[in-house]
Amino acid sequence: MILSNPPFSSGIPFRQKNIILIGFMGAGKTTIGQLLAQKLGREFLDADHEIEALHGMPVTEIFRTMGEPAFRQMEKEYLTTLCRSEREKVVSLGGGSFMQEEIRESCLSSGIVYHLDLSWEAWLGRFEALIDTRPILQSKSLAEVEEMFASRKLVYADNHHTIDVDARTPEQIAEEMAQQIQAGWTVER
Ligand SMILES: Nc1ncnc2c1ncn2[C@@H]1O[C@H](COP(=O)(O)OP(=O)(O)OP(=O)(O)O)[C@@H](O)[C@H]1O
Ligand SMILES: O=C(O)C1=C[C@@H](O)[C@@H](O)[C@H](O)C1
Ligand SMILES: [Mg+2]
């Protein structure tokens with residue numbers, strides 16, 4: 001696999017690196033991550049789901065009862081620990097995880113980071129499916145969400161590989177990713 005931005009050499013063998021999916025809410029990190037993990041025969045970890053299990057409540061409840069800063073702290077602890085201790089996983093981040101510098105640095109230095117790149121126009125088509133379960137959307141106007149979408153995209157640009165997810169099914173995208181990654185395993189150490 002020819003990576004657009006080759007990963008910083010961390011001493012972790014290429015084959016053992018976690019595959020880490022980033023991107024905006026609704027880009028398909030959870031859906032595609034699950035499929036990709038099956039194809040690669042790897043365990044799948046979804047940061048939102050793992051945090052929910054650790055703290056015994058849905059993300060919406062964590063936001064409602066403890067506030068966003070508490071959620072961001074949980075996210076940072078969970079993901080920086082994961083990057084230190086887990087290998088050979090497929091990991092889907094929450095949409096806001098990569099905004100924290102410590103998470104970004106941990107992921108970029110220990111894993112292969114894929115940005116699932118969705119256009120604003122395509123995202124608008126997913127809005128209805130997201131609004132009830134993404135508290136971050138509930139307090140914002142559409143113009144504010146569009147601004148956040150644009151500013152986050154600049155941060156997601158710090159990745160090892162970008163994949164356009166606008167016009168294909170999750171199955172097609174996961175298959176393309178799996179083929180790239182498996183090809184990379186045969187040539188990279
Ligand atoms: N390629 C795709 N084409 C059409 N719909 C998709 C695609 N990928 C995901 N979806 C749909 O978009 C919605 C959001 O997907 P998903 O939960 O995987 O996003 P996410 O990136 O994990 O979001 P979050 O950051 O909030 O966790 C789901 O209803 C899913 O079925
Ligand atoms: O984009 C975000 O800030 C979020 C995305 C979700 O995955 C959850 O992590 C949470 O709802 C916050
Ligand atoms: Mg998700």
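Around ligand 1 sit 20 residues, and Gly 28, Lys 29, Thr 30, Thr 31 and Gly 95 come nearest. A residue is near a molecule if its C-beta atom, placed from the backbone, lies within 6 Å of it. This is a predicted model, in which local features need pLDDT of at least 70, side-chain atom pairs count only at pLDDT 80 or more, and totals for chains, interfaces and linings use all residues. Residues are numbered from 1 along each chain as its sequence is written, while chains are lettered from A and ligands numbered from 1 in the order in which they are written.

Two helices each supply at least two residues of the ligand 1 shell: helix 1 (29-40) and helix 10 (170-187). Helix 1 gives the most, with 3 residues. Helices (H or I, at least four residues) and strands (E, at least two) are DSSP runs, numbered from the N terminus. By class, this shell has 6 nonpolar, 9 polar and 5 charged residues. Here Ala, Val, Leu, Ile, Met, Phe, Trp, Tyr, Cys and Pro count as nonpolar, Asp, Glu, Lys and Arg as charged, and the others, Gly among them, as polar.

Ligand 2 has its own shell: Met 25, Asp 48, Val 59, Gly 94, Gly 95, Gly 96, Arg 134, Pro 135 and Ile 136. Its classes are 4 nonpolar, 3 polar and 2 charged.

Asp 48 leads on to helix 2 (residues 47-55), where the buried residues are Ala 47, Asp 48 and Ile 51. They cover an arc of only 100° around the axis, so they lie on the same side of helix 2. The arc is that of the directions from the helix axis to the C-beta atoms. An α-helix has 3.6 residues a turn, so residues three or four places apart point the same way. A residue is buried if 20 or more other C-beta atoms lie within 10 Å of its own, exposed if 12 or fewer, and partly exposed in between. The buried residues of helix 2 pack against strand 2 (43-46), helix 3 (59-66), helix 4 (68-85) and strand 3 (89-92). Just after helix 2, Gly 56 takes a positive phi of about 70°.

Back in helix 1 is Lys 39. Lys 39 counts as partly exposed because 17 C-beta neighbours lie inside 10 Å. Beyond its neighbours within four places in sequence, Lys 39 is in contact (C-beta atoms within 7 Å) with Ala 174, Glu 175 and Ala 178.

Overall, the protein has 10 helices and 5 strands. Of its 189 residues, 33% count as buried.

Conventions
Contact = placed C-beta atoms within 7 Å.
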